[in-house]
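Welcome! Please take a moment with the sequence and the 3D view below, and then we can walk through them together.

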Amino acid sequence: MNSYSFFILPFVPLTSYRIAMSYPYQIKSFEVYQSTYQQSIEDPAGFWAGIAEHFTWRKKWHTALEWNFTEPNVKWFQGGKMNITENCLDRHLAERGEQAAIIWEPNQPNEAARTLTYRELHEQVCQFAQVLRNNGVRKGDRVCIYMGMIPELAIAVLACARIGAIHSVVFGGFSAQSISDRLQDAQAAFIVTCDGAFRGAKDIPLKNIIDDALIGYDGIERVIVCARTNTPVSMLKGRDVWWEEEMNKVAESGTTVNFAEEMDAEDPLFILYTSGSTGKPKGVVHACGGYMVYANYTFVNVFQYQTGQIHFCTADIGWITGHSYILYGPLSAGATTLMFEGIPTWPDAGRFWDIIDKYRVNIFYTAPTAIRSLMGFGKEPLQGKDLSSLQVLGTVGEPINEEAWHWYDENVGKKKCPIVDTWWQTETGGCLISNLAGITPAKPSWATLPLPGVQLLLVDENGNEKTAVGDETIAGNLCIKAPWPSILRTTYGDHERCRQNYFATYPGLYFTGDGALRDKDGFYRITGRVDDVLNVSGHRIGTAEVENAINMHAGVVESAVVGFPHAIKGQGIYAFVIYQGSHDPHAHGSDDLIRNDILQTVTRVIGPIAKPDKIQLVSGLPKTRSGKIMRRILRKIAEGETENLGDTTTLLDPGVVEEIMKGKL
Ligand code: PRX
């Protein structure tokens, strides 16, 4: 028993209401996987139409698939009319209305947990949908959601989907400036936020950050504020309203109607911003029908979900993993999904294990960075925690090293739970490469085989397909030949950018930006990004974005940012910075002040997640005669390479490399 148990009411699972939902498309053997895969690539349109039959459509599609990767133009289930929330909520009411849809574990272990049954969630979503409508939100409007991990976040997201508004969830770790940029890009007129968010020992003042974001953006009509931390906030008359008051108004007036907007399968469902190689995040757009089908299909197959199981995905809903595998995938499958407000290491490093023990969690899905960080605390936090309910483990977000994989397998899964290593991206909407838990083979640190409908290939720099000779393992840039239902449709407001980014490097192919290996069995191992994107603790961060932020500091002349291997985060951020004029490399005190100022600037411009781990002040950067920074050299220095820096003869000033190497942190 842990020290907090005194305060916790026993959790009573609502077992009596678990009526089996059947998933006729759940793959139950390796042979069926192989035949399903074959069928899916021979006739993708027919295959996915067959899967889509298992959902609630108001009107059936007339064309299952139309596509080309040149424009690009991808349309799934054209003519189909539906609403994703009818599939996530209404269709479950008759059979599982009293089953827990969301179990919510608060940040503070001694605060009461909350459970929302499908019926309660449905009611709350309809009610908040009415609030949104009363506040002027209409189909197609963009609503920015900036909240902590509380049930109201799930309600806000689903309420947007209910009325056909496009949600754009922004992770609570982004700064005012980042929010402002995203509001501007999406031309959003509505915000749903909280007074604050609890994360571990911290209380993040979300509403204040929103107020700062709105100094530079006047396109907002309404800010709806949900009280969570009771932090004092200023409410602007005519613009800001309280969640609870608005919900009460609707409840009292009795105006909630069980209304769901009829959406076209290709109407946008949400925008989610993600970093690329340029300085500006891209608004990845997903469409209602295809996203619904694929999030559900992959949830049911990868995790082999069985009715009654409790699924715990530790991601934040501010990222794609939370969208697909806390909300839309599990809810569309009638599952019980667990949402956790806090962080794995607070109040101690046993928090995840306490939660698994308390709720008898069956499926646990987390990131390698969390596993590595918890590994660092040793086995003590696991002592006395009953993890025997676990049946499936998963990882996502970055390559998992073998050591972490084995630690996870032995200490968490007790060697009896299959581990699914799921490779995918914000742009892909759902898992594309993964073993299916207990059905297809696992291989430590390999994501293994493509899911049905996913046609992978490896290419060289020039786009030529690489093929293996005999049993050799080959390496290349990972591309995809044909669309799956939840491929991104565009980048918001700039289709050309979408084409350039994903479809122009290798004409006719979707380019993932990742490098990969393929072994003789056709298993894939992702080796990491091959573009200027870093993966820090599973978060995607563009080096150009961090450089832009650093360069905003008045004293900075120029900067170059690269990644370096980091034991816990996977990759760390290394910044080489030319600081103006008179910094004295021997006066360490002043260098520390400069570094601190730079860190604060990055926090203000992007958010704490993009803070460099190392800042080296330099007098020059290695450049070619045409002025291009030779990042290849900086990357090698940051990785600790002292020789073999490659050809430096084309540099404008080769001496600068020597100086940088001497000052390496
Ligand atoms: O580099 C790959 C890495 O994360 C990138 C996608 O990041 P994001 O859009 O933020 O989505 C993360 C959650 C889906 C990929 O291009 N990545 C994701 N999953 C894996 C991975 N790298 C290796 N193994 C994985 N399982």
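By class, how many nonpolar, polar and charged residues does the shell around the ligand have? There are six nonpolar, six polar and five charged residues (Ala, Val, Leu, Ile, Met, Phe, Trp, Tyr, Cys and Pro count as nonpolar, Asp, Glu, Lys and Arg as charged, and the others, Gly among them, as polar).

This is a predicted model, where local features need pLDDT of at least 70, side-chain atom pairs count only at pLDDT 80 or more, and totals for chains, interfaces and linings use all residues. Residues are numbered from 1 along each chain as its sequence is written, and side-chain values use heavy atoms, with hydrogens and water left out.

**Around the ligand**

The ligand is surrounded by 17 residues (each with a heavy atom within 4 Å of it). The closest are Asp421, Thr422, Thr426, Asp514 and Arg540. At least two shell residues come from each of helix 10 (320-332), strand 20 (419-422) and strand 25 (524-529); helices (H or I, at least four residues) and strands (E, at least two) are DSSP runs, numbered from the N terminus.

Here are some polar contacts, meaning pairs of N or O atoms within 3.5 Å:

| Residue atom | Ligand atom | Distance |
|---|---|---|
| Glu398, polar backbone | nitrogen | 3.3 Å |
| Pro399, polar backbone | nitrogen | 3.4 Å |
| Asp514, polar side-chain | oxygen | 2.7 Å |

Of the 540 Å² of accessible area that the ligand has on its own, the protein covers 96% (Shrake-Rupley method, 1.4 Å probe).

**A pair of helices**

Helix 3 (residues 84-96) packs with helix 5 (residues 151-163) at an angle of about 120°, and their axes are 8 Å apart.

Notes
Polar contact = N/O pair within 3.5 Å; in protein donor to acceptor, adjacent residues only side chain to side chain. Axes fitted to C-alpha atoms, helices over the stretch in contact; angles between N-to-C directions.
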